[in-house]
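Biologist: I would like to learn how to read aromatic pairs. Could we go through them together?

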Amino acid sequence: MKLRALGFAPLTGFVLAAPAHATPGGSSDYGVFSAGNGAAAGFGIVGAAGQARWAEDWSSLTSTPPERRREDWFNRLKHVKLTDKGDVWISFSGEERLRYIFENQPVMGTAGKTDASRLLLRSQYGADLHLGEHVRAYAEFLYGNAGGSNYYGYQAGTQRERLDLQQGVLEIKGALLGAKTGVIGGRQVFLDAPVSMQSARDLTNVQQTWDGFRGYAIWKRFRVDLFDFVQTNKLPLGVFSDGTNYNARMYGAYTSTALPAFTLMGHRNQLFADVFYIGYLYGGALAALPTAAQGKSQAGSTRRDNVGAKLWGTVGPFGVNLTGVFQGGQFRPANESQLTRAVRAYAVNAAVTYDRRDLAWRPSVGIQADLFSGGSYHSKDGAVGTFATPYFPLPYYNDVTLSLTSQNLVGLGPIMDFAPTKNFHIKLHVPLFWRASTNDAVYAVGKTYTWRDNLSGGFIGTIPQAQAAWNFAPHWTWTEDLAGFVASRGMHQAGAKNGVFIMQTLAFRF
């Protein structure tokens, strides 16, 4: 059964086609949870290369005829036996990515630069050592460089990175109570969360990683993932200098149930019902609340308790993804004389597509709608109503330009996906955006715009986005992203500027 994981990756970029001899993308077999290119299992999308490279499993090469293995030279690096029995083996992975970004008015003209050109180079290599069936260790190393003209944002540690350990995990796995179970400890990318709330932050050179533990169990039709992490501190720029940011923690549980499969309109269908709790603890600029005074904010720290449910999968020729999240918790002002404030926020996300993979160009056309609640910057002691997404929502989900993020936002617009050929894909998204509350600010990724007095009306504008990707040779992909921000009259009056965003990416992965 093939299942398109709508909502896991709208406009996420493209995954190379899997070698013909391997299970899809070299991924492990999780039964029904192998749906969505493996994303249903909670480890991210796995094509010929995974979003998290340790999620790949190339052990199937042992049973592949030699003539099939020789079809791809890099197969010799995917399953290297270290013992005669073959119970100890190692797999190597690598990526070289060159990316160019041009923005004439970045961040709605507030970045302090115009006609910004950024040139980003990422080198990322990993080794996955398997010690029998139950133990493995994975290490991944990263070097990131960045240059350009009139560039900005390089001081944050997300683009420039001296040689450092990007991921390093030890996994112990086996069978327990009829489930495939495992514990993964160490530094790792974590992807078992709605993309409207969190992602690997792959738009930048340096992905977001976490230090801590996760434990998973996958039965035939039910799975659970438990996790407790603190954020990796990417700001130090020395060689092997990354540490741990103990001021940012994420913990919780994610469950998914595969509902009984059914046939409708001649299609074999599968729906998944996910229930999750994700807790955030963080402070600093991300936790600060805007106030009515222009450019001013209230410092403090916050705990966010996200309780949510998600229904996604296929119904006939339709792909559906429905998510609802209630966000509770509290905000603790830095000024201890001020009262602690409760958090009462929410998000509702929906996407429905009509998929005709049997037609030429394999079209998929639909609509995406999002609501992330807002609060009021006039309130000093009431409940905080602004939904918070401190750990980087997937940029392609709503705004690849990073001019907006999933806070105090209403979005509505069509989404389209076409494949003129097997190796060429086109994606389109044209969302319109409003503020959910006109008494709340406009937010970007890691930024609160300072406009207050001159900002009127709820309509923000539109950000049409297009992406084309060409897998022009094995392991090579060329991707072109085009987007533009068209501000509303009220945003123009407040000081926002229209902008053009162009991103070109050349990637080699094995």
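Biologist: How many aromatic pairs does a search of the whole structure find?

Modeller: The search finds 30 aromatic pairs. Rings of Phe, Tyr and Trp (its six-membered ring) pair if their centres lie within 6.5 Å; planes under 30 degrees apart count as stacked, over 60 as edge-to-face and the rest as tilted. This is a predicted model, where local features need pLDDT of at least 70 and side-chain atom pairs count only at pLDDT 80 or more, while totals for chains, interfaces and linings use all residues. Residues are numbered from 1 along each chain as its sequence is written, and side-chain values use heavy atoms, leaving out hydrogens and water.

Biologist: How are the rings of phenylalanine 33 and phenylalanine 272 placed?

Modeller: A pair of aromatic rings is described by the distance of the centres and the angle of the planes. For phenylalanine 33 and phenylalanine 272, the centres are 5.7 Å apart and the planes at 45°, so the pair is tilted. Both residues are buried, that is, under 20% relative accessible area with a 1.4 Å probe, protein chains only (exposed is over 50%, partly exposed in between).

Biologist: And phenylalanine 74 with phenylalanine 510: why is the pair stacked?

Modeller: Their planes are at 20°, with ring centres 5.0 Å apart, so the pair counts as stacked. Phenylalanine 74 and phenylalanine 510 are both buried.

Biologist: Which aromatic cluster do they belong to?

Modeller: Phe74 and Phe510 form one cluster with Trp73, Tyr125, Trp470, Phe472, Trp476 and Phe508.
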